[in-house]
Amino acid sequence: MTAPEVHLHGTGRAVGDVVLSVEGVSLSFGGVKALQDVSFDVREHEVRAIIGPNGAGKSSMLNVINGVYHPQKGTIRFKDRKFTDMEPHRAAVMGIARTFQNIALFKGMSVLDNIMTGRNLRMHAGILAQALRIGPAEREEIAHRERVEQIIDFLELQPYRKTPAGRLPYGLQKRVDLGRALASEPQMLLLDEPMAGMNLEEKQDMCRFILDANDQLGTTVVLIEHDMGVVMDISDRVVVLDYGRKIADGVPDEVRANQAVVDAYLGTKH
Amino acid sequence: MSEDIGALDTFPKLLMHHARVRGDRPAIREKDLGIWQTWTWHELAEETRAITAALAAMGFKRGEHFALVGDNRPRLYATMAAVQCLGGIPVPLYQDAVAAEMVFPIHNASIAFAFAEDQEQVDKLLEILPQCPTLTRIIYDDPRGLRHYKQPQLLAYDRLLESGRQAHRKDPAFVESEIARGSGSDTAAMFFTSGTTGVAKGVVHTHSSLIGPSRTAAELDRLGEDDVILAYLPPAWIGQNIFSCAQALVTGYCICCPESSETVMTDMREIGPTYYFAPPRVLENLLTQVSIRMEDASRVKRWLYAYFMRVAERVGGAILDGKRVSLVDRMLYSVGDLLIYGPLRNVLGMSRIKVGYTAGEAIGPDLFKFYRSIGINLKQLYGSTETAVFVCVQPDGQVKPDTVGPAVPGVELKFTPERELLIRRPGLFKEYYKNAEATVQAVDSERWFHTGDAGYIDQDGHVKIIDRVKDVGKLADGTLFAPKYLENKLKFFPHVREAVCFGHGRDKVCAFINIDPDAVGNWAEKRNLSYSGYTDLASRDEVYELIRECVERVNADLAQEPELANSQIHRFLILHKELDADDGELTRTRKVRRGFIGEKYGSLVEALYGGRDSVHVEAQVRYEDGRTGTFSADLRIRDAKTFPAAAAKRAA
């Protein structure tokens with residue numbers, strides 16, 4: 001284990017030790033090699049981005065961390081515990097939450113209830129006790145509701161508290177999705193293209209919420225993003241994937257200057 | 001303990017009076033984390049005392065100005081009261097103003113202290129620090145996002161409160177003695193006018209000029225401590241200040257602060273205010289939303305709504321005024337009340353309204369009648385920042401849609417030959433701050449205030465306002481042209497959000513239209529009309545057709561009024577963008593600035609009168625982040641059918 005290394009960012013947020021490390025991960029679906037020998041790490045409290053052109057293996061990488069896919073080779077280490085096969089529910093219990101590229105909310109449920117589902121993991125009362133609103137269950141419900149209200153306040157969702165999620169515009173649905181992930185009080189948040197399909201204003205809002213979560217709640221953020229501008233603005237370090245391989249890793253300015261990255265995004269002369 | 005409230009001549013004295021007399025009753029409610037939290041008069045007074053002590057310790061002096069920027073929040077009002085306790089002058093600023101607009105007031109009044117609601121407002125104040133060297137202290141309420149701000153000017157409200165509590169414990173007599181030093185002739189607050197006419201002016205009001213009119217109006221409407229109001233308009237606007245500060249302090253009623261500006265409708269339902277104020281624009285938006293939702297309702301409900309609204313239109317107003325109505329109609333109305341009006345009032349959050357007011361601009365008669373017909377006692381009043389709002393008020397039972405009622409007791413009125421309304425009253429403002437020239441122009445040697453509004457008194461003694469004196473024009477043939485009147489008629493259609501009419505010195509009237517994106521969007525959705533955004537929607541043939549029908553119905557209406565029949569709208573176009581206060585096209589209170597728009601879109605006006613069918617437009621747009629870009633498009637122009645004047649027809 002490396003010695004604790006703490007340095008301050010411009011904003012004053014302390015980035016700590018490595019919490020997640022991905023070592024030599026390879027993943028293939030039949031003949032398609034989605035990931036080939038990818039290694040990188042994520043430090044506590046940092047905003048870590050995974051970028052790359054279409055089909056580079058970004059979402060696969062996230063799914064591996066989250067335990068949806070099981071890599072054929074390589075290991076994942078989270079908080080000094082080594083896992084070859086992570087499972088989604090175990091990832092959740094350990095404090096990894098995620099959002100989805102194509103929003104997976106309960107469309108008919110209100111925003112409040114959707115975020116409440118994020119608390120599910122932290123509810124202890126049995127189903128019967130909850131249904132009958134027995135003393136402890138009711139107290140628990142109130143405590144959870146308070147936490148959900150704080151998230152609603154945090155993400156400025158007050159006007160939509162009781163609106164069915166399916167009726168909200170796209171940008172807001174993304175925000176609710178983020179709220180649900182935050183509701184489980186995760187240590188690490190995996191965001192799959194949080195700004196995809198948003199207009200400039202929505203992107204700015206989303207950036208602010210991600211940074212606020214990172215800053216005020218101390219959540220470590222791993223995000224996949226298409227939009228280079230956004231990534232460079234908000235991340236501490238960036239991993240670049242291309243055709244399943246890691247081609248660059250470093251702070252935004254280094255990555256921006258990297259010839260391999262430029263080639264991957266803009267193409268090369270043949 | 002009995003105390004003569006009438007003898008208390010300043011707001012801080014009134015506040016302490018309520019803390020003594022009704023300490024446990026609610027003074028302010030605020031929705032926090034989804035639950036309404038109550039501040040009693042006692043708590044509000046305690047908080048105010050602490051802030052007063054803290055501000056004094058920081059060196060805030062009697063007679064100094066204090067800027068407040070933010071939405072309606074208990075802490076903003078507590079700070080305002082604390083400033084007044086120390087004999088200071090609160091200067092509330094519009095919270096949606098851009099940073100540059102705040103420079104003038106802060107610079108003009110050499111303001112050193114400011115209260116900012118949140119990061120957004122703090123950022124704006126920090127941005128203008130270089131232009132405002134006097135500003136040395138910024139107190140912020142919500143610390144969110146400000147954790148890493150290291151500017152020495154910043155101070156958290158929580159810390160101010162803490163230090164104030166300690167200071168107050170050490171010397172409890174100090175605050176009371178400061179309050180006792182105040183008198184009714186001291187300046188109580190300064191409001192910057194929204195600037196319909198050029199540069200903003202600081203309107204200086206004393207305690208007595210605000211308390212007097214507030215008290216008269218409260219007595220007129222028999223307001224008391226049981227009343228409740230929702231404070232949702234900008235605190236920088238004098239009306240909001242009168243309703244949520246002055247009158248609350250005069251009567252001891254409770255004000256409620258909504259959770260956010262977007263939740264007003266829900267909050268209103270939850271609170272059920274008994275006393276209500278809304279500018280016509282808000283009432284219009286509410287009605288638009290009701291209409292949209294009715295269109296989505298099932299056939300049976302639509303039929304019921306249409307049927308009973310016709311009943312209400314016929315007899316609702318008369319029932320509210322206590323006039324005689326036939327038994328059958330009365331019974332029909334009761335059924336309607338059970339099925340439609342009652343539930344509708346409930347949805348609007350207006351079930352408990354005792355008195356509702358509207359003012360700010362002329363209200364479309366149909367819009368006004370709608371609210372009255374469903375049993376809401378909506379009345380009009382007339383006033384301005386300079387005259388402390390209550391100049392004319394419609395008394396219960398004498399409400400007419402096209403007048404603003406007779407003068408309230410203590411107000412004298414007269415008209416100039418140009419039909420300009422002049423006002424004299426004890427509650428008149430003291431002066432324009434550091435602008436003696438403007439003061440002399442507005443208030444003549446006999447203390448008559450020149451309102452700039454044109455109107456007359458009708459046979460019942462009610463004042464009728466037509467338009468601004470400078471806006472009332474004449475067509476080339478000499479007939480009367482009152483643009484506002486036409487625009488209001490257009491705006492009553494839910495599909496029309498804003499209209500701007502031109503015609504002064506011209507041979508005919510032409511108009512710019514802004515469609516309402518919600519209403520027209522919903523309409524388009526129902527017809528499977530896909531569109532990418534406002535500009536695209538506004539340029540659709542189908543939408544032009546829809547708006548043409550609206551314009552023609554206005555024309556048909558105008559044809560019934562002999563004086564105005566000539567000002568029917570001959571041609572119109574739908575603007576490519578929404579008129580916006582950020583682009584200077586609307587004032588902060590969202591009145592259209594016709595002159596400015598006419599100049600800015602001069603080429604469009606010429607195209608309307610030049611008989612062309614389309615016009616190319618290239619415009620600068622300013623985005624919310626302050627950047628600018630250009631936009632170009634072809635706008636179409638359509639003719640609307642006009643109708644022969646009714647009087648002429650009858651004569652023929």
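Predicted model: local features only at pLDDT ≥ 70, side-chain atom pairs only at ≥ 80, totals over all residues.
**View 1. Chain A as a whole.** Chain A holds ten helices and twelve strands. Its radius of gyration is 19 Å, close to the 18 Å that the globule rule gives for 270 residues, so chain A is as compact as a globular protein of that length. Along the principal axes, the C-alpha atoms of chain A fill a box of roughly 65 × 40 × 40 Å. Of the 270 residues, 38% count as buried. Among contacts in chain A with a separation of 6 or more, 69% join residues 24 or more positions apart.

**View 2. A:Arg208 in helix H7.** Helix H7 of chain A spans residues 200–216 and includes A:Arg208. A:Arg208 counts as partly exposed because it has 14 C-beta neighbours inside 10 Å. A:Val68 is 140 residues away from A:Arg208 in sequence. In space, the two C-alpha atoms are 29 Å apart.

View 3. Phi of A:Tyr243 is near 45°, a positive value in a residue other than glycine. A:Tyr243 has 15 C-beta neighbours inside 10 Å, so it counts as partly exposed.

**View 4. B:Ser110 between a helix and a strand.** In chain B, B:Ser110 sits in the loop between helix H4 (99–108) and strand E5 (113–116). This serine is not a glycine, yet its phi is positive, near 45°. B:Ser110 is partly exposed, because 13 other C-beta atoms lie within 10 Å.

How values were computed: Residues numbered from 1 in each chain as written. Chains lettered and ligands numbered in written order. Helix = DSSP H or I, 4+ residues; strand = E, 2+ residues; numbered from the N terminus. Rg over C-alpha atoms; globule rule 2.2 N^0.38 Å. Buried ≥ 20, exposed ≤ 12 C-beta atoms within 10 Å, placed from the backbone. Contact = placed C-beta atoms within 7 Å.
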